[in-house]
Amino acid sequence: MSEVIAAVSTAWQMAAIGVLRLSGDGAVAVADRVFRAAGGRPLAETEDRRLVLGALLDRQGRPIDQVLATVSRAPHSYTGEDTAELHCHGSPAVLAAGLEALFAAGARQAGPGEFTKRAFLNGRMDLSQAEAVADLIEAETADAAANAAGQLAGAVSRRVDGVYDRLAGLCAHFHAVLDYPDEDIEAFRSARLLSTLEEALEELAALRSTFDRGRILRDGLRAVLLGKPNAGKSSLLNALAGYDRVIVTDIAGTTRDAVTETLRLGGRKLRLTDTAGIRETGDRLEALGVERSRQAARGADLALCVFDGSRPLEEADHAVIDAAAAARQAVAILNKRDLPAVLQPADLPFELVVPLSAKTGEGLPLLEDAVDMLFPEDVPCDGSLLTNARQAAAVDRAGAALSAALNSAEAGVTPDAVLTDVEEALEALGEITGKSVRAEITDQIFSRFCVGK
């Protein structure tokens with residue numbers, strides 16, 4: 001028996017529609033206490049997934065809205081339990097009063113992600129699909145949403161389960177031969193052990209190789225603006241963001257801490273960080289900012305290196321070039337094209353050099369083209385990309401265990417010892433779908449969900 005939970009499943013702001021959601025044994029009865037059908041027929045007697053017009057009552061029994069109600073009974077519902085939804089007008093006051101009435105009628109406040117957690121616990125979805133629900137809600141691009149929808153449909157689960165089932169079958173076969181020697185069971189052969197381990201490793205490596213593209217698809221490119229003071233980094237960030245995100249002055253060293261803005265450049269989403277100008281300085285605070293600039297470059301997918309095209313290269317520019325080498329990719333930007341050119345593209349050791357003016361916007365489309373060239377939009381968005389760091393770490397552990405198993409098998413170690421590593425791999429793979437995940441991990445996963453989902 002599960003207690004009835006209730007929550008507002010839509011945003012707490014004025015909108016056309018607002019939804020009150022309930023789930024648990026007795027959810028339909030609780031909904032009936034705050035809903036009066038226009039036709040007089042209670043929800044308990046209504047067919048599943050049929051919209052019923054009626055009035056939402058507050059805890060004093062007063063009608064406060066005209067709503068549509070629907071029920072879905074276990075096990076054919078999102079959570080696998082009896083559920084009900086009240087579709088109201090999107091007034092925060094109405095939703096608050098309706099939720100208060102539901103609490104008075106016997107429901108309790110749902111916790112973050114509790115509806116989806118119940119769906120997982122009731123077998124309506126596995127853990128990777130549950131995480132895809134959160135990714136779908138948080139998706140900031142159509143491609144990210146499409147990939148999350150594919151994962152929700154089981155794209156990752158099918159790949160992981162395919163490997164899991166073959167490894168589990170291998171272990172089961174060995175133990176069956178060991179435990180029932182007198183039965184007519186096919187002999188356990190080392191050739192099958194080796195081929196199964198090799199195939200599993202190949203499939204896990206193929207899945208793991210998608211994570212880098214998947215992370216960029218979901219989170220965006222980690223990009224950093226590098227340059228000496230007054231090269232025009234902050235002006236470029238403002239131009240790309242479309243508004244004055246950071247202060248721009250003629251005073252060198254204005255930017256002393258990292259400032260991050262999420263924006264689109266060409267076909268890509270960027271989490272672009274403006275950093276302190278790189279130079280030698282005796283100012284302790286500015287020096288700290290310069291060191292953070294170098295750290296940001298080391299963790300970046302893309303470094304946008306800004307150079308003042310109206311001045312020759314200086315020592316600080318060479319420090320910028322050195323810092324950019326730590327990023328995966330880099331583009332040189334010859335800024336201040338609106339001024340007489342002194343620095344030329346050939347003066348810079350970069351394959352891609354984009355002349356532009358952050359002040360006037362001239363040349364910005366060329367920068368978009370350069371980013372698209374470095375990170376082309378050729379990734380599939382069918383859910384086949386691994387986008388979750390937790391899942392990628394589990395794949396890494398499974399791969400390491402299988403590599404150890406394969407090395408042992410090739411060295412002639414007995415199958416029982418080899419299968420100890422295989423069982424470790426199964427444990428890691430089970431964490432992806434939830435077959436072997438610990439309760440504290442599931443609690444942490446669902447805590448990132450919004451209340452009402």
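Which residues of α3 are buried? In this predicted model, local features require pLDDT of at least 70 and side-chain atom pairs pLDDT 80 or more, whereas totals for chains, interfaces and linings use all residues. Residues are numbered from 1 along each chain as its sequence is written, and side-chain values use heavy atoms, with hydrogens and water left out.

Helix α3 spans residues 114-121, helices being DSSP runs of H or I with at least four residues and strands runs of E with at least two, numbered from the N terminus. Its buried residues (under 20% relative accessible area; exposed, over 50%; partly exposed, in between; 1.4 Å probe, protein chains only) are Glu114, Phe115, Thr116, Arg118, Ala119 and Phe120. Elements covering these residues include β1, β2, α14 and α15.

Thr116, Lys117 and Phe120 in α3 meet Thr442, Asp443 and Phe446 in α15, contact being defined as heavy atoms within 4.5 Å. The crossing of the two helices, α3 and α15, is right-handed, the near helix being turned clockwise from the far one by less than a right angle.

The structure holds 33 salt bridges, each a side-chain nitrogen of Lys or Arg within 4 Å of a carboxyl oxygen of Asp or Glu. Glu114 and Arg118 of α3 belong to a network of salt bridges that also links Glu3, Glu81 and Arg108. Elsewhere, Asp161 forms a salt bridge with Lys435, with the closest N and O atoms 2.8 Å apart. This pair links helix α6 to the loop between α14 and α15, 274 residues apart. Asp161 is partly exposed at 22% relative accessible area, and Lys435 is partly exposed at 45%.
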